[in-house]
Amino acid sequence: MTSLFLSVNSGVELAKNSIKKQFRENLFGYLWVLFIPFIYAFCFLIVKQSINAGEGSSIHQEHMAVFRAFVGMSFLQLWIQLLQDTSQVIRKRKNFLRSLTIQLDPFFYSILFEILISLIIRMVLVYGAAMYFNFPIPKNVLDHLMLFGCAFLIVGSAFFIGMLILPWASLFGDFKRLISSSVMPLALLSPIFYEPVVNPASPLYWINLINPIAISSSIFCELLFRHEYLYLNSFFIWISLPIIFFFPLVKLLNKQLPIILERLG
Amino acid sequence: MNTDLLKIENLSKKYSKNLKESLSGAAKDLIYSGVGLTRAPKKLHGSEFWALKNVNLVLKKGDVLGVMGHNGAGKSTLLKCIANKIKPDQGTITINGDMGHLIEMSAGFDGVLTGRENVTLRGRILGKKGKSLSSYVDAVKEFAEIEDFFDAPFQFYSSGMKSRLGFAASSVIEPDILIIDEVLAVGDLGFRIKCYERINELSRRCAVIFVSHSLGQVARMCNRGLYLEKGQIIYDGGVQQALDLYQEKLADVATRKKHVTLNPELISMNLWVDEVSHIATNAKMEYGKFIGLTVDISRLIRNSQIRALLRDASGSVICDWNSKRVGNEWPDAFSSLEIHLGRVELSPGAYNISLEIMSPDGIEHLCLSEPIVFKVGGVYYSPLSIQRSGEWIFKNSIL
């Protein structure tokens with residue numbers, strides 16, 4: 001328990017320093033978290049209006065499409081960032097890990113704290129957008145828990161996959177490239193710029209079932225638009241995996257740390 | 001009861017010279033550890049070699065162990081295994097107590113953050129909070145002596161300041177086992193002395209493992225010596241004996257080394273001790289003996305300038321004797337020259353002496369002879385090569 005407290009405490013300090021660093025290194029600091037989803041949503045709005053010109057879709061449908069793109073891109077951006085941060089933690093912190101007798105736990109907590117801030121900013125934005133477009137904010141606790149669950153799913157799934165590939169991503173630079181190149185394919189495969197697929201005959205339906213971004217953004221949007229729950233089984237599987245495997249994975253990665261540090265030179 | 005703070009049994013570690021092989025080895029290790037197994041390959045494959053082989057070591061409180069060996073002997077690998085920075089292939093390491101290490105001390109400091117922020121972060125990671133954290137930060141600031149720079153971004157520090165902060169942040173600790181790897185060449189002389197004092201202070205309270213190529217530092221700090229060669233312990237015992245062994249090996253290397261010469265056939269010489277015996281190359285002599293050179297100068301131009309150069313094992317000239325300083329005119333008939341070099345007042349180690357011949361006007365470089373390698377025995381007192389005895393006279397009156 002003491003070591004957990006110590007790790008969490010160190011993680012908070014690491015996160016604080018990392019945030020300070022971002023503000024010192026970037027003119028706009030954390031504002032970048034806000035810019036990117038807005039840029040995507042704005043571009044999407046222009047493209048959609050140009051393509052649909054004269055087709056007579058309702059204002060409400062327009063709003064739904066833009067909101068879906070905004071939520072989807074916010075989640076996708078967060079997911080990719082977290083996956084990148086988690087899978088690269090040893091490479092980024094190798095000097096620190098060499099100079100001190102320290103395990104990986106504080107670095108994981110630091111990533112989680114930082115991502116929590118990003119997540120809160122995004123959730124505020126998303127709720128703000130929902131109110132702006134006049135989508136009804138749920139009134140019952142279960143719906144709010146589901147919305148919160150979507151955010152948790154994004155964080156948990158990225159963290160879980162990041163930890164799984166961490167040893168390999170530390171040894172081989174290919175993983176970093178793979179993650180940064182997968183933004184566009186993931187955006188296309190997820191129901192960000194179109195409605196979620198519910199027909200099991202479509203291969204996209206099955207892809208969406210294992211795609212955490214598709215699951216979370218679909219549930220989030222459909223809950224606000226139509227009060228419907230989609231992909232529920234996948235939702236609960238993705239929620240459970242990180243909870244079950246977090247501590248065993250941290251333990252395993254700490255055991256593997258010397259093997260990786262040795263190869264990093 | 002003096003318990004074992006560190007116990008190493010049959011420790012072996014292998015490396016590969018090939019990156020691809022090394023990565024594939026790491027991948028196998030990761031898979032094995034992922035399923036809860038340990039891969040313990042006993043044979044070498046491809047370009048692999050043993051960096052450490054069957055190392056056994058026990059360290060108790062009060063031991064200050066100096067680890068010596070040539071480059072690639074396995075010193076740093078041993079320390080990294082103990083510090084759990086790399087995973088041994090075979091053997092066990094048992095540690096009873098907290099471990100601190102002064103290895104790559106300023107590594108991990110973030111350039112954008114200030115010295116204070118970096119040190120605070122390190123303190124937190126070391127488990128300090130509240131008053132204990134503030135006193136740690138203050139102690140580091142005081143020790144590092146970097147004044148206002150402590151609150152400036154680390155990237156604006158000079159390399160000396162970075163080292164100072166790194167040493168201070170790493171040494172303001174109270175471990176049971178302290179590992180030090182070649183870190184004392186930090187900052188200016190004043191700060192280096194301060195570093196020695198800090199390490200001496202730490203070593204009184206814990207067990208220390210100290211790796212250095214500086215024999216003076218080892219002699220000064222350690223009470224036990226370990227000599228490693230090709231990953232194996234050749235000697236573990238008294239520090240003087242370990243130093244002697246290391247010197248022997250250094251001398252062997254110095255003898256085998258190809259030296260730079262120029263027209264060496266123009267000159268031949270013998271080194272003698274106490275005006276009697278000519279000594280063979282690589283011979284050993286005691287501190288305080290008189291030495292000299294007998295030089296065949298029959299093939300040299302009359303009144304050439306002759307300079308005898310004394311070098312240490314690293315090849316640095318530590319002393320010279322120049323005929324121009326004496327201003328001798330060569331006689332009409334001559335064939336040899338005796339140069340009385342004086343007493344051997346050198347610290348134990350390997351040295352060599354060679355002759356450099358210049359034209360009478362001192363402009364043209366005519367000859368650089370093959371060196372004669374010799375060793376000096378005795379006891380280490382300090383890291384300086386030249387150790388004069390002088391004359392020490394007590395008097396009744398004050399001047």
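This is a predicted model: local features need pLDDT of at least 70, side-chain atom pairs count only at pLDDT 80 or more; totals for chains, interfaces and linings use all residues.

Reader: How far apart in space are B:Y32 and B:M221?

Author: C-alpha to C-alpha, 42 Å. Along the sequence, 189 residues separate B:Y32 from B:M221.

Reader: Let's zoom out. What does the secondary structure of chain B come to?

Author: Chain B has nine helices and 19 strands. Its C-alpha trace spans about 85 × 65 × 45 Å along the principal axes.

Reader: How many of the residues of chain B count as buried?

Author: 47% of its 399 residues. The accessible surface of chain B is about 19900 Å², and carbon and sulfur atoms make up 51% of that.

Reader: What about contacts between residues 24 or more positions apart in chain B?

Author: Those account for 74% of the chain B contacts with a separation of 6 or more.

Reader: And charges? How many positive and negative side chains does chain B have?

Author: There are 49 positive and 45 negative ones in chain B. The centres of the two sets lie 7 Å apart.

Reader: Switching to chain contacts now. Which residues does B:R124 touch, leaving aside its neighbours within four places in sequence?

Author: From chain A, B:R124 is in contact with A:L6, A:N9, A:S10 and A:E13. From chain B, the partners are B:K129 and B:L133. B:R124 itself belongs to helix α3 of chain B, residues 115-125.

Reader: What joins the side chains of B:R124 and A:N9?

Author: A polar contact of 3.3 Å.

Reader: Why does B:R124 count as buried?

Author: Because its relative accessible area is 18%, and the cut-off for buried is under 20%.

Reader: How far is B:V137 from B:A169?

Author: Their C-alpha atoms are separated by 8.2 Å, and the two residues are 32 apart along the chain.

Reader: Cysteines next. How many disulfides are there over all chains?

Author: Zero, from a search of the whole structure. Take B:C195: the nearest cysteine sulfur is that of B:C222, 16 Å away, and B:C195 is in no disulfide. B:C195 is also buried, with a relative accessible area of 0%.

Reader: Now chain A. Where is A:S217, and is it buried or exposed?

Author: A:S217 is in helix α11 of chain A, residues 212-225. A:S217 is buried, with a relative accessible area of 1%.

Reader: What does the side chain of A:S217 reach?

Author: The backbone oxygen of A:I213, at 2.8 Å. Not counting residues up to four places away in sequence, A:S217 touches A:V71, A:G72, A:F75 and A:P191.

Reader: Last topic, backbone angles. What is phi of A:N134?

Author: Near 65 degrees, a positive value in a residue other than glycine. Most residues other than glycine have a negative phi. A:N134 lies in the loop between α6 (105-132) and α7 (141-171) of chain A, and A:N134 is exposed, with a relative accessible area of 65%.

Reader: And what about phi of B:N84?

Author: B:N84 is not a glycine either, and its phi is positive, at about 60 degrees. Look for B:N84 in the loop between α2 (75-82) and β4 (90-95) of chain B.

Technical notes:
Residues are numbered from 1 along each chain as its sequence is written. Chains are lettered from A and ligands numbered from 1 in the order in which they are written. Side-chain values use heavy atoms; hydrogens and water are left out. Helices (H or I, at least four residues) and strands (E, at least two) are DSSP runs, numbered from the N terminus. Buried means under 20% relative accessible area, exposed over 50%, partly exposed in between (1.4 Å probe, protein chains only). Contact means heavy atoms within 4.5 Å. Accessible areas come from the Shrake-Rupley method with a 1.4 Å probe; for residues, only the protein chains shown count as cover. Lys and Arg count as positive and Asp and Glu as negative; His and the chain ends are not counted. The place of a charge is taken as NZ of Lys, CZ of Arg, CG of Asp or CD of Glu. A polar contact is a pair of N or O atoms within 3.5 Å; within protein, one must be able to donate a hydrogen and the other to accept it, and residues adjacent in sequence count only if both atoms are side-chain atoms. A disulfide is a pair of cysteine sulfur atoms within 2.5 Å.
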